[in-house]
Amino acid sequence: MGTFIIEGGHQLKGEIQPQGAKNEALQILCAVLLTSEKVTINNIPDIIDINKLMMLLGNLGVKVEKITEGTYTFQADDINLKYLESALFKEEGRGLRGSIMIVGPLLARFGKGYIPKPGGDKIGRRRLDTHFEGFINLGAKFRYNREDYFYGVEAEKLKGTDMLLDEASVTGTANIVMAAVLAEGKTTIYNAACEPYLQQLCKMLNRMGAKISGVGSNLLTIEGVDRLGGTEHTMLPDMIEIGSWIGLAAMTKSELTIKNVSWADLGQIPNVFRKLGITLERRGDDIYIPEHKEGYEIQNYIDGSILTIADAPWPGFTPDLLSIVLVVATQARGEVLVHQKMFESRLFFVDKIIDMGAKIILCDPHRATIIGHDFKSQLKATTMTSPDIRAGISLLIAALSAKGTSKIHNIEQIDRGYQHIVERLQRIGAKIERVEGN
C-alpha cells in the first residue's frame with residue numbers, strides 16, 4: 001500500500017495538461033473487439049484501470065502494440081473465447097468495473113459474452129440490469145451462476161428492436177450500442193445516455209462502418225451492419241481531471257493554465273465553478289485561472305436562497321465532480337447545498353474534511369451543506385485514507401491547501417484515475433511525494 005505525503009499551504013503556478021478521458025477509454029478499448037482489423041487509439045491515459053483492461057484484452061487474444069506514449073494499436077483477429085471461462089478471467093474481470101463493456105462486443109461478434117460481477121469504487125450500488133435487459137431485448141439468452149457471481153449472454157444472431165432504457169446509463173448505453181451495431185435490422189434506444197464520451201464511441205463506430213444516427217441526443221437509431229473495419233481514434237481530455245485542476249487552483253489561490261481542454265465538451269462544468277465564485281478565462285482551447293487573492297464568493301439564487309449544486313445525467317453536472325465542489329466550497333464566502341442524487345455513498349468522505357476543520361453538515365447520505373471559511377481559517381493537516389478515486393483526489397486537493405503535512409493512505413485508488421499525478425503536481429510547485437507502505 002502506498003501513501004502520499006503532502007506539505008500543504010503552498011501556491012502553485014504553471015501549466016497542466018489533462019490526461020485522456022478514463023471513462024471514454026473504457027468504452028473505446030472494448031470496441032476494438034468488434035472488428036478483426038487494426039484499430040489505432042491515441043491519448044490513452046496511463047492509469048491502473050486502463051492498463052488492467054488492456055491486459056485483459058491481451059489475455060483474450062487481442063494484439064496490443066505500443067506505438068508512442070499514449071498511442072497503441074489493437075487487432076482482435078484471433079480471439080481466445082476459452083479465456084472467458086477460465087479462473088484467470090474470473091479473477092481479472094472482477095477487479096475492474098469497466099470490464100462489463102466487453103460483453104456487448106463479444107456477444108455481437110461471437111454470439112456470447114461472459115463477465116464476473118465487476119468490482120470498482122465503493123460508492124454505492126451500480127446495478128447491471130440495464131446492460132443485460134438491453135441484450136435480452138436484442139434476442140440474447142441470459143444466465144447467471146450465483147455461486148461464482150458469473151454473468152453470461154448468448155445468441156446465435158442478435159435482432160434489432162425498439163427499447164426504452166430504465167435509466168440513462170452511460171456504460172449500459174455503450175454496451176447496448178456495441179451489441180446493436182452488428183445486429184440484424186434496426187434498433188432504437190430511447191432514454192440513451194448522451195455524454196460526450198458516448199458520442200465519441202458512436203462517432204468511432206460510424207467511422208468503422210456502423211450506421212448510428214441521433215448521436216448527442218437521447219434517442220439513438222442503429223441500422224445493423226454485417227461487419228466493421230479498422231479506424232483511428234483520439235480520446236478527449238478527461239473532464240473530471242479538468243474540474244479537479246480548477247478546484248485545486250482555487251483552493252490554493254494559484255495561477256494555473258489547463259491546456260487543451262476541449263471547451264465544447266465541458267458542458268456545465270465551467271458554469272458550476274463560476275457559481276462558486278471562481279474566475280475562469282477561455283484562452284483558445286485552454287482554461288486560465290488567475291490567482292484568487294481575495295478568495296471567491298458563492299452566488300445565491302436570484303431570490304436570495306442558498307445555491308444547490310446537484311448531479312444529473314448529461315447535460316447535467318457530472319456526479320464525479322461533486323466531491324471537488326464540496327471541498328472547494330469549504331473556503332468560499334457563503335454557503336452551498338451539495339445534493340448527490342445518483343450514488344448513495346459518495347458523501348461519506350466528508351468526515352475526513354470535517355476533521356480538517358471544515359464546516360459541513362451532512363444532512364443525509366445524499367446531501368451536505370457547506371459553510372465556507374473565506375480562507376479566514378485554513379484547513380488543518382491530518383492523516384486520511386482514500387475511499388475511492390473521486391473522494392481521493394478531493395482529499396488530495398484539501399491536503400494541498402491545508403496548513404501542515406498530511407498523509408493519504410490507499411493511494412492506489414487515486415492512481416486508478418489520475419496518471420503520474422505526483423510528477424505532474426510537482427512540476428507546478430506542489431510539495432508532494434509518494435512512499436511505499438504506511
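**Sheet with β21 and β22**

I looked up β21 and strand β22 (residues 405-409) first: they pair in the parallel sense over three bridges. For pairing I required at least two DSSP bridges between two strands. Helices (H or I, at least four residues) and strands (E, at least two) are DSSP runs, numbered from the N terminus. I noted that threonine 385 has histidine 409 of β22 as its bridge partner.

This is a predicted model, so I took local features only at pLDDT of at least 70 and side-chain atom pairs only at pLDDT 80 or more, while totals for chains, interfaces and linings use all residues. Residues are numbered from 1 along each chain as its sequence is written, and side-chain values use heavy atoms, with hydrogens and water left out.

I then traced the whole sheet. It is open, has four strands in the order β21-β22-β1-β23, and its pairing is mixed. β21 (383-385) and β23 (431-436) are the edges; each has a single partner strand, so one side of each lacks a neighbour in the sheet. From one strand to the next, the twist averages 20°. For axes I used lines fitted to C-alpha atoms, for helices over the stretch in contact; angles run from 0 to 180 degrees between N-to-C directions.

**Lysine 352**

I placed lysine 352 in helix α11 (residues 350-355). What does lysine 352 touch, not counting residues up to four places away in sequence? I found Met384, Thr385 and Leu395. Contact means heavy atoms within 4.5 Å. I also checked lysine 352 against alanine 398: they are 46 residues apart in sequence, and their C-alpha atoms are 9.9 Å apart in space.

**Sheet with β14 and β16**

I listed another open sheet of four strands, ordered β2-β14-β16-β15, with mixed pairing. Its edge strands are β2 (13-16) and β15 (281-283), and each pairs on one side only. Here the twist averages 20° from one strand to the next. Strand β14 (residues 255-258) and strand β16 (residues 286-289) run antiparallel and are joined by three bridges. Leucine 256 has isoleucine 289 of β16 as its bridge partner.

**Hairpin of β7 and β8**

I counted five bridges between strand β7 (residues 141-145) and strand β8 (residues 150-154), which run antiparallel. Phenylalanine 142 is bridged to valine 153 in β8. Which residue of this hairpin takes a positive phi? I found tyrosine 149, with phi near 50°; the hairpin has four residues between the strands.

**Helix α2 with helix α3**

I fitted the axes of helix α2 (residues 48-59) and helix α3 (residues 87-94): they come within 10 Å and cross at roughly 160°. α2 and α3 are therefore roughly antiparallel to each other. The classes are: under 35 degrees roughly parallel, over 145 roughly antiparallel, 65 to 115 roughly perpendicular, the rest oblique. Met55, Leu56 and Asn59 of α2 meet Leu88, Phe89, Glu92 and Gly93 of α3. I sorted the residues of this contact into four nonpolar, two polar and one charged. Ala, Val, Leu, Ile, Met, Phe, Trp, Tyr, Cys and Pro count as nonpolar, Asp, Glu, Lys and Arg as charged, and the others, Gly among them, as polar.

**Helix α4 with helix α6**

How do the axes of helix α4 and helix α6 cross? For α4 (residues 103-110) and α6 (residues 170-180), I got roughly 10°, with the axes coming within 7 Å. α4 and α6 are therefore roughly parallel to each other. Val103, Gly104, Pro105 and Ala108 of α4 make the contact with Asn175, Met178 and Ala179 of α6. By class, the contact of α4 with α6 has five nonpolar, two polar and no charged residues.

I found a cis peptide bond between tryptophan 314 and proline 315, with omega about 15°. Proline 315 sits in the loop between β17 (307-310) and α10 (322-329). I also flagged asparagine 191: its phi is near 65°, a positive value in a residue other than glycine. Asparagine 191 lies in the loop between β10 (186-190) and α7 (196-207).

**Whole protein**

I counted 14 helices and 23 strands in the protein. The C-alpha atoms fill a box of roughly 65 × 50 × 45 Å along the principal axes.
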